[in-house]
Amino acid sequence: MHPNALLDLCAELLRSVLKFDAPADGVVSAFFRKNKALGQRERHALAETTYAVLRQKPLLQSLAQSGSGPLERRLAILAWAGGDAGLKGALKPQEQEWLQQVRQVDLASLAPKLRHNMPEWLAEPLLARLGEEEFWALAASMNEGAPLDLRVNTLKAKREDVQAQLKAAGIDAQTMPYSPWGLRVQGKPALNKLEAFTSGALEVQDEGSQLLALALDAKRSEMVVDFCAGAGGKTLALGAAMRNTGRLYAFDVSGHRLESLKPRLARSGLSNVYPAQIAHERDDRIKRLSGKIDRVLVDAPCSGLGTLRRNPDLKWRQSPQAVAELQVKQRAILDSAARLLKPGGRLVYATCSLLEAENEEIARAFGEAHPDFVPLDAAAVLEKAHVTQAAGLCEQGFIRLWPHRHRVDGFFAAIWERKA
Ligand SMILES: C[S@@+](CC[C@H](N)C(=O)[O-])C[C@H]1O[C@@H](n2cnc3c(N)ncnc32)[C@H](O)[C@@H]1O
């Protein structure tokens, strides 16, 4: 495709994505389905440019003000990720001149909001919690892409064997710094045709999610509930940790998400998982299992703001009102899920949010209202689960993962034991 046509197509894609009426990854995939003739490199250029615009929207919108022509084309020019040669071939002389001028701007001299590229309602609490230096490190880390994290299904294979298989396929996979199940790959190699993947020895799962499954410490023959199982990323890790014994209920209100668990379940070799759609957190099924469960994971619906490296659109699609509504849901789900536990059972509440409002605030309120739940020290729990450098992953007794500190998505988890 001619570079100019590709640039215009990118502007068209940006126009759709920047409406923010649907998640960016879905809009990009739908756009590619509609534009079938696009080659691999062209798709890469369009997707990376779109994500670069989402990551730095305030900065790029501000810089784009001086140019002319459609705003989305200007944004695409400023963020272009398809190489300088292609861009040169696409630009009119006037645009070339403008780009030269913009590239001279001293970015360090710009207002803070154009440098951290977050809405104020998000920047404010993060700055208050982290202080200047760490806040800016976090802002920078959110503008980096995330690597591809993998979990070895220990039911089927050993980590070092899968690592060797990947190496034989030309993929350099490093063992993860914290999770004993994890391998990390740079770039985005295609995995779905590899024997390690089709045989179920390998799943895509970020390191933080693996650590949450480790924190639940589900054991052989236990009764376990994954309350918000979704497409089952954590369910699969829990089922393998239980060595395919006992009973693992995968609940979710979304039947559609639970459907996506099925092919993954088939690959994994697990037969101890029971997916079930529930109407809401007080569903009759929950009442029937009340007091019978050994371990419950609540991977609560949340703002997702810990995953901005992968989903930068979330910072523009979320709002303080949405967070307030999520808090109501999070409290209700945690309260209801807690009823499932036997005396002596373990409860883990987790989110992939960075906000105290969805994390410590929810956990503390639950602790105050439920004196029969004793908080467990997260570092001690992770150490017992053979997680290396566990203390560095925890704050105030909770798991607290940060992209700039740990090079993973942001995650939170609180752990309790119901009094015997
Ligand atoms: C963070 S996602 C779960 C991700 C999943 N655990 C994984 O590892 O792939 C939160 C899930 O909570 C589900 N959910 C929302 N409200 C719920 C409720 N009242 N009861 C149970 N699940 C709920 C959503 O459908 C969504 O799938």
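A pocket is an open set of grid points with protein on both sides within 12 Å along at least five of seven lines, and its lining residues have an atom within 4 Å of a point. The model used here is predicted.

**Exercise 1. Describe the lining of the second largest pocket.**

Solution.
- Step 1: Start with the space. The second largest pocket holds about 290 Å³.
- Step 2: Count the lining. It has 15 residues. Nearest the centre of the pocket lie Trp 181, Leu 214, Asp 217, Ala 218 and Ala 241.
- Step 3: Find the elements. Two or more lining residues come from α12 (207-216), and likewise from α13 (233-241).
- Step 4: Sort by class. Eight lining residues are nonpolar, two are polar and five are charged.
- Step 5: Assign domains. Domain 2 (149-202) and domain 3 (207-418) each give at least three residues to this lining.

**Exercise 2. Where does the largest cavity lie?**

Solution.
- Step 1: Count the cavities. There is one cavity of 30 Å³ or more. The volume of the largest cavity is about 50 Å³.
- Step 2: Name lining residues. Among them are Arg 151, Asn 153, Leu 236, Ala 240, Arg 264 and Arg 267.
- Step 3: Find the elements. At least two lining residues each come from β4 (202-204), α13 and α14 (255-268). The largest share is that of α14, with three residues.
- Step 4: Sort by class. The lining has four nonpolar, three polar and four charged residues.
- Step 5: Conclude. The largest cavity lies between domain 2 (149-202) and domain 3 (207-418), because both give residues to its lining.

Technical notes
Residues are numbered from 1 along each chain as its sequence is written. This is a predicted model: local features need pLDDT of at least 70, side-chain atom pairs count only at pLDDT 80 or more; totals for chains, interfaces and linings use all residues. Side-chain values use heavy atoms; hydrogens and water are left out. On a 1 Å grid over the protein atoms alone, a cavity is a set of points where a 1.4 Å probe fits but cannot get out, and a pocket is an open set with protein on both sides within 12 Å along at least five of seven lines; lining residues have an atom within 4 Å of a point. Grid points are joined across faces, edges and corners, and a volume is the space filled by probe spheres set on the points. Helices (H or I, at least four residues) and strands (E, at least two) are DSSP runs, numbered from the N terminus. Ala, Val, Leu, Ile, Met, Phe, Trp, Tyr, Cys and Pro count as nonpolar, Asp, Glu, Lys and Arg as charged, and the others, Gly among them, as polar. Domain bounds come from an automatic or database domain assignment.
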